[in-house]
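Please consider the sequence and the three-dimensional model shown below. The paragraphs that follow begin with a single pairing and then proceed to the wider architecture.

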Amino acid sequence: TQDTRDNIYNPSKGYILSGTIENAGGFLGGNKSFMKGTATAAWYHTFFGKVVLELKVRGGVVNAYGDSDSVPIYERFFAGGANTIRGYKERAIGPRDPGSNDPIGGEALGLGNAEITFPIYEKLLKGAVFFDFGNVHAHASDFFTWGDIKSGAGLGVRVKTPIGPVRLDYGYPLVPNNNDKREGEFYFSMSHGF
């Protein structure tokens, strides 16, 4: 990780770059073998003295190898919800089980987020406008396939509290997702970042 942000909870300038590589099974033993890599980049810039622009991209690929035919569901990628693509239900974007229609995750993830925050009440309350996009693909080999991108946009507020920043967002899906009802979603969280 490389982090040049001026504040980890309320950044107004700088960037953060991070990446991870995980290996399970193989020479380590175990009954599942897979490799998983993720990368994140976020950039912050202040305009007009107090308006902050945050641009963020995330990607990840996981793939089974050796005797393993598939990646365990708990190691797959999911999208939709407060920290990925707002406007969609939690984990709703990506492959679904054909029988139950439940999300089963995928082996490739690509996300992008843009958010502008501005002060409403100095040092206590901020407003936010955001746009999120991306998708989850069933197979790692589909990582560079950009078809069927889901996107959502909306508004939010950020409240500074003694226990950390509190976020309340309302997102609306701009692109239909499977046969899900197309309606907005509210999100509440107590940590920074999407």
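Which residue stands opposite Ala128 in β7? In this predicted model, the residue opposite Ala128 is Gly156. The two strands concerned are β6, residues 125-137, and β7, residues 150-161; they run antiparallel and are joined by 10 bridges.

From β7 the chain continues through a hairpin of two residues into β8. Strand β8 comprises residues 164-173, and its pairing with β7 is again antiparallel, over 10 bridges. Within this pairing, Gly152 has Pro173 of β8 as its bridge partner. Strand β8 is in turn joined to β9 by five bridges in the antiparallel sense, and one of the pairs involved places Leu168 with Phe188 of β9.

These pairings belong to a wider arrangement. Strands of a sheet pair through backbone hydrogen bonds, either parallel or antiparallel. Here, nine strands form an open sheet with antiparallel pairing, in the order β1-β2-β3-β4-β5-β6-β7-β8-β9. Its edges are β1, residues 2-3, and β9, residues 185-189, each of which pairs on one side only. The secondary structure of the chain amounts to nine strands and zero helices.

The overall dimensions may be considered next. The C-alpha trace spans about 55 × 40 × 30 Å along its principal axes. The exposed surface comes to about 10800 Å², with 60% supplied by carbon and sulfur atoms. Among contacts between residues at least 6 apart in sequence, 55% join residues at least 24 apart.

For Leu109, the contacts beyond its neighbours within four places in sequence include Phe77, Phe78 and Ala79. Arg58, Gly59 and Gly60 are also among the residues in contact with Leu109, as are Asn135, Val136 and Phe143.

Is Arg86 buried or exposed? Arg86 lies in the loop between β4 (51-64) and β5 (108-121). Its relative accessibility is 0%, so Arg86 counts as buried, the limit being under 20%. The side chain of Arg86 makes a polar contact of 2.7 Å with that of Asp132. A second polar contact, of 3.1 Å, joins the side chains of Arg86 and Asp169.

With a relative accessibility of 45%, Arg91 counts as partly exposed. Lys123 is located in the loop between β5 and β6. Although Lys123 is not a glycine, its phi is positive, at about 65°. Lys123 is classed as exposed because its relative accessible area is 69%, where exposure requires over 50%.

Conventions: Residues numbered from 1 in each chain as written. Predicted model: local features only at pLDDT ≥ 70, side-chain atom pairs only at ≥ 80, totals over all residues. Heavy atoms only, no water. Pairing = 2+ DSSP bridges. Helix = DSSP H or I, 4+ residues; strand = E, 2+ residues; numbered from the N terminus. Buried < 20%, exposed > 50% of the residue type's maximum accessible area, 1.4 Å probe, protein only. Polar contact = N/O pair within 3.5 Å; in protein donor to acceptor, adjacent residues only side chain to side chain. Contact = heavy atoms within 4.5 Å. Areas by Shrake-Rupley, 256 points an atom, 1.4 Å probe, with all protein chains shown as cover.
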